[in-house]
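Here is my notebook for a first look around a new structure.

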Amino acid sequence: MSKTLKNKITHMGIHPFLFGVFFIISLFLNNIRALSINEIIVPLIFSIGLIGGIWVLFNFIFKNKFHASLLLSLFVIVFFSYGHTYLEIDHFIINDIDVGRHSILLIPFVSLLLIGTLFLIKTQKKLDNVTIITNTVSFALVLIVLLNIGMFNLENNFEISSDKNFDSPLTVDFIEDLPDIYYIILDGYPGYHSLKLSGYDNNEFYNYFEEHNFSASKNSFSNYRQTYLSIPSALNMEYLHPLAVQDNSQYPRPLHILGNENKLMSFFQSHGYQVVNFDSGWSFSRDMKYANLQLCGDNQFMNSEFIIMLTKTSLLNPIYVKFFENDKVQMKLCVFEELPKINNRVNEPVFVFAHMLLPHPPYLFGPNGEILPPKNLDLESDLDESESLYLDQVTFANKKIISVVDQLLDSPNPPIIVIQSDHGSSFLMDKSDWDTPDNEMILERMNNINFIYLPSNSDIIYEGITPVNTFRIILNQYFGTNMEVLEGKSYIFNGTDFEDVTYKLKNMVD
C-alpha cells in the first residue's frame with residue numbers, strides 16, 4: 001500500500017458510518033424473506049445522519065479525528081449490539097439471579113463505554129494503524145452483507161400475482177343487497193381439543209356460537225401450523241405449501257407477498273366493496289395492499305416492523321418496552337372497539353379483515369382485561385406460567401369477541417361473520433422436535449376454531465370445512481362464482497417436506 005493511499009485511508013475515519021450501515025443491513029438480511037427493501041431506507045438515512053452529527057461533535061471535542069472516530073464506533077457497536085445480547089440472555093438464571101434484566105446487563109455495556117472513553121481521552125498514541133484496521137474490518141462486513149443480499153435477490157427473482165398463480169374464475173352476478181363480511185383471525189387461538197390438553201373447558205364459548213346459529217365444529221383443523229402459510233392460504237383460497245418447498249426457506253417471501261396482495265381482498269374491492277384492514281402489528285397484515293381503510297395503527301413511526309426490530313435489538317430496547325409496548329395494548333383494544341362501528345364510517349358494503357395477535361403472546365391482558373406488567377411480555381418465561389398467561393388471554397379474548405358479535409348481529413341486516421384461528425397453541429412445542437412430532441403435538445397445534453355465521457343458507461357449511469374452502473363456498477353462494485371446493489387437508493412441515501396429517505387428526509378425535 002502506498003504512503004499516499006495509506007494516509008487517505010487513515011484520514012477517512014469512515015468506520016463509524018460503516019458499522020452503522022452494517023448493523024442495519026445485517027438485520028435486514030436475517031429477515032430478508034419477510035421484509036421489503038424499502039423498510040431500511042429511513043433507518044439508514046436517519047442512522048447515517050445521526051452518526052454524522054455526533055462525528056462532527058466528537059471531532060470538535062477531541063481535536064483528533066482518529067480518537068473521535070474510534071470512540072464513535074465503540075458507541076455504535078455497543079448501541080446496536082445491546083438489544084441482541086438482551087434478547088439472547090433474557091430470563092437466563094445464574095444462582096437464582098436473572099442476569100437478563102436491564103439493570104444488570106447495562107453494567108458491562110456502560111462500563112465498556114466508560115473504559116473506552118477514558119482510554120481515548122488519555123492516550124497520546126495517534127492510533128492511525130488501528131483506524132486502518134477498523135476501516136478495513138467494517139468495510140469487509142458491509143461488503144459481505146451486501147453480497148449476500150445481492151445473491152439472495154438473484155436466486156429469488158420471482159414475481160407473484162394472483163392472476164398468474166390462480167386460474168379459478170371469479171365472476172359475479174349482480175345482487176341487490178351485498179352482505180357486509182367480517183373476517184376475524186385470532187392468532188394462536190387453540191381449538192376445543194387443543195384446550196382440553198391444558199384442562200381448559202371452553203364449552204361455554206362454543207355454546208354461545210351454536211345458540212347464535214354459527215357453524216361451530218369442535219373438530220376443526222387448520223390447513224397449516226404456521227401463520228405465514230395459514231393466513232395467505234385462507235386469503236387466496238389455495239394450498240400454498242408448494243411455494244414454501246420451492247423457496248426452500250423457513251419464511252418464504254412469496255407467501256408474504258401473497259398474504260398482502262391477496263386474491264380475496266382484490267375480488268371484493270373490484271366488486272364495489274370497501275375493504276377495511278385492522279393493523280395487526282405483524283408482517284403483511286399490518287398494511288394490506290387492497291385495503292381502502294386501515295384502522296388501529298396510529299403510531300406510524302413505530303408501525304414499521306423493521307424499525308421495531310431495530311429498536312428492540314439496540315440500546316433502546318428498555319425504552320421501547322416502557323413507552324411503546326403499551327401501543328400493542330391499545331392496538332388490540334382499538335380493534336375490539338372499532339369492529340362494530342365500521343358501518344358508521346363507510347356507506348358501501350364492507351369486507352373487514354382483522355388479524356389479531358391474541359391470545360398469541362405477548363401476554364398483555366389478564367382474564368378480565370387487566371393490563372399486565374412488561375415482565376409478562378415474553379413467551380420464553382417459565383413454561384407453567386406461560387401456559388397460565390396464555391389461557392388468561394383466551395378468557396379475555398372470549399369476552400371481547402362475544403361482545404363484538406353481539407353488536408354485529410344486532411342489525412336489521414346481519415353480516416357474514418367468519419371467526420377462525422390460524423393454528424392452535426404450542427405448549428407442547430417448547431422442547432420438542434417438529435421433525436418427528438407426536439400425536440399430541442400435532443393435535444394441539446392443528447386444532448383451531450372455525451365459527452361461521454351466514455344470514456341465509458347456513459346449511460352450506462359442512463362438518464370438517466377448513467379455512468382454504470371457507471370463502472370458496474361463500475363466494476359461490478353469495479356472488480355466483482363457480483369455484484371448486486377443494487379437499488380439506490392439514491399439513492405440517494417435517495423438516496424436509498410437508499406431511500399430510502389430515503387422517504391422523506381425524507382418527508384422534510373420532
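Is Cys-334 buried or exposed? I found that Cys-334 is buried, because its relative accessible area is 18% and buried means under 20% (exposed is over 50%, partly exposed in between, with a 1.4 Å probe and protein chains only).

A note on the source: I am reading a predicted model, where local features need pLDDT of at least 70, side-chain atom pairs count only at pLDDT 80 or more, and totals for chains, interfaces and linings use all residues. Residues are numbered from 1 along each chain as its sequence is written, and side-chain values use heavy atoms, with hydrogens and water left out.

**Entry: the disulfide**

I searched the whole structure and found 1 disulfide, taken as a pair of cysteine sulfur atoms within 2.5 Å. Cys-296 is joined to Cys-334, with S to S at 1.9 Å. The two cysteines are 38 residues apart and link distant parts of the chain: Cys-296 sits in the loop between strand E6 (293-295) and helix H14 (305-312), and Cys-334 in helix H16 (residues 325-338). Helices (H or I, at least four residues) and strands (E, at least two) are DSSP runs, numbered from the N terminus. I also looked up the S-S torsion of Cys-296 and Cys-334, which is about -75 degrees, so the disulfide is left-handed. Cys-296 counts as buried too, at 8% relative accessibility.

**Entry: H2 and H3**

Next I checked how helix H2 (residues 15-30) meets helix H3 (residues 41-62): their axes come within 10 Å and cross at roughly 155 degrees. Axes are lines fitted to C-alpha atoms, for helices over the stretch in contact, and angles run from 0 to 180 degrees between N-to-C directions. H2 and H3 are therefore roughly antiparallel, the word for angles over 145 degrees. From H2, the contact includes Phe-17, Val-21 and Ile-24, and from H3 it includes Leu-44, Ile-48 and Trp-55; contact means heavy atoms within 4.5 Å.

**Entry: Ser-69**

Which residues does Ser-69 touch, leaving aside its neighbours within four places in sequence? I listed Gly-13, His-15, Pro-16 and Trp-55. Ser-69 lies in helix H4 (residues 65-89) and counts as buried, at 1% relative accessibility.

**Entry: H19 and H21**

Last, I looked at helix H19 (residues 439-446) and helix H21 (residues 502-509), whose axes come within 10 Å and cross at roughly 95 degrees. H19 and H21 are therefore roughly perpendicular, which covers 65 to 115 degrees. Asn-439, Ile-442, Leu-443 and Met-446 of H19 meet Lys-504, Leu-505, Met-508 and Val-509 of H21.

Key: Angles under 35 degrees count as roughly parallel, over 145 as roughly antiparallel, 65 to 115 as roughly perpendicular and the rest as oblique.
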